[in-house]
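Hi,

Here is the structure I promised to pass on. Have a look at it first, and then read my notes below.

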Amino acid sequence: MMDHEEKLLSLLLGQDLVAAVEAELCQISPDFRELRDRYSAAAEGLRHEPGDREAAERYLSAVYRRSAACLCFAGALGLRMNYEHFQNPLAPNCTWEQVESEDFLGTRQVYDLPACRAARAEMDAYQEKLSLVDDQKRFDAVTEYWTALEVYGMKVAHYRGYLLGNQLLYACVPGYCPDPVLTMRYTRMFEKNWAR
């Protein structure tokens, strides 16, 4: 049982989630592919730089943990939006023009999550140690990557969380049925605004 729980947590909170969102972003955005490639090169450079390799690994791990926490949070909000729409179809949702993405993605709250704060503290501690120009360039490539992963990835995760709700809620909420009109509206919005 513990093995299944660990697999589920890895899928929802770990590198599996980051990898899935990263793969989707690479499909819909050539710019993100470039950022990911620069990140990969920078991460390799940090890992092989003389000095504290363990600190570099902790830093890169913190980048993933922070991103995974943000993506999980956004996905859960997408699932919650689906459930709340089922309970009250007239409540505002992300497809309404007057609803800001900051509100439905929870970008004001996500960075207060304990996992985000802990990861950010590790990231900041590592950055303070950087002094060489090459290290700063690598750090900048990593920063551009995780910023894009969180900004655009949270939108992907929210959308995928909402779509997951169409199946998951059907299986565990008596009387639930997906709203095909809202799903169509959200899909159009997603494709128009975020899938480039």
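Cys116 is buried, with a relative accessible area of 1%. For that word I use these cut-offs: buried is under 20% relative accessible area, exposed is over 50%, and partly exposed is in between, with a 1.4 Å probe and protein chains only. Before you go further, note that this is a predicted model, where local features need pLDDT of at least 70, side-chain atom pairs count only at pLDDT 80 or more, and totals for chains, interfaces and linings use all residues. Residues are numbered from 1 along each chain as its sequence is written, and side-chain values use heavy atoms, with hydrogens and water left out.

Back to the cysteines. How many disulfides does the structure hold? The count is zero, where a disulfide is a pair of cysteine sulfur atoms within 2.5 Å. For Cys116, the closest cysteine sulfur is in Cys70, and at 3.7 Å it is too far for a bond. Cys72, on the other hand, is partly exposed, with a relative accessible area of 23%.

Now the overall picture. The chain has eight helices and zero strands, so reading from the N terminus you get α-α-α-α-α-α-α-α. Helices (H or I, at least four residues) and strands (E, at least two) are DSSP runs, numbered from the N terminus. Of the 196 residues in the chain, 41% are buried. Take the contacts between residues at least 6 apart in sequence: 79% of them join residues at least 24 apart. By contact I mean heavy atoms within 4.5 Å.

Next, how the helices pack. Two packed helices are described by the angle between their axes and the distance between the axes. The axes here are lines fitted to C-alpha atoms, for helices over the stretch in contact, and the angles run from 0 to 180 degrees between N-to-C directions. Angles under 35 degrees count as roughly parallel, over 145 as roughly antiparallel, 65 to 115 as roughly perpendicular and the rest as oblique.

Let's start with helix H2 (residues 15-28) and helix H3 (residues 30-48), whose axes come within 5 Å and cross at roughly 130 degrees. That makes H2 oblique to H3. H2 brings Glu22, Leu25, Cys26, Gln27 and Ile28 to this contact, and H3 brings Pro30, Phe32, Arg33 and Arg36. Sorted by class, the contact of H2 with H3 has five nonpolar, one polar and three charged residues. In this sorting, Ala, Val, Leu, Ile, Met, Phe, Trp, Tyr, Cys and Pro count as nonpolar, Asp, Glu, Lys and Arg as charged, and the others, Gly among them, as polar.

H2 also packs on H4: their axes come within 9 Å and cross at roughly 75 degrees, so H2 and H4 are roughly perpendicular to each other. On the H2 side the contact is made by Gln15, Leu17, Val18, Val21 and Glu22, and on the H4 side by Tyr64, Ser67, Ala68, Leu71 and Cys72. Those residues divide into seven nonpolar, two polar and one charged.

Then there are H3 and H4, which pack at an angle of about 150 degrees with their axes 7 Å apart. That makes H3 roughly antiparallel to H4. Tyr39, Ala43, Leu46, Arg47 and His48 of H3 meet Arg53, Ala56, Glu57, Tyr59, Leu60 and Tyr64 of H4. This contact has seven nonpolar, one polar and three charged residues.

- Ser67 is found in helix H4 (residues 53-87) and is buried, with a relative accessible area of 1%. Leaving out residues up to four places away in sequence, Ser67 touches Val18, Trp146, Leu149 and Glu150.
- Glu34 is in helix H3 and is partly exposed, at 47% relative accessible area. Glu34 and Tyr145 are 111 residues apart in sequence and 9.2 Å apart in space, C-alpha to C-alpha.
- Tyr159 sits in helix H7 (residues 133-172) and is buried, with a relative accessible area of 5%. Not counting residues up to four places away in sequence, Tyr159 touches Tyr186, Thr187 and Phe190.
- Met189 is in helix H8 (residues 180-193) and counts as buried at 15% relative accessibility. Its C-alpha atom is separated by 7.0 Å from that of Thr95, 94 residues apart along the chain.

Cheers
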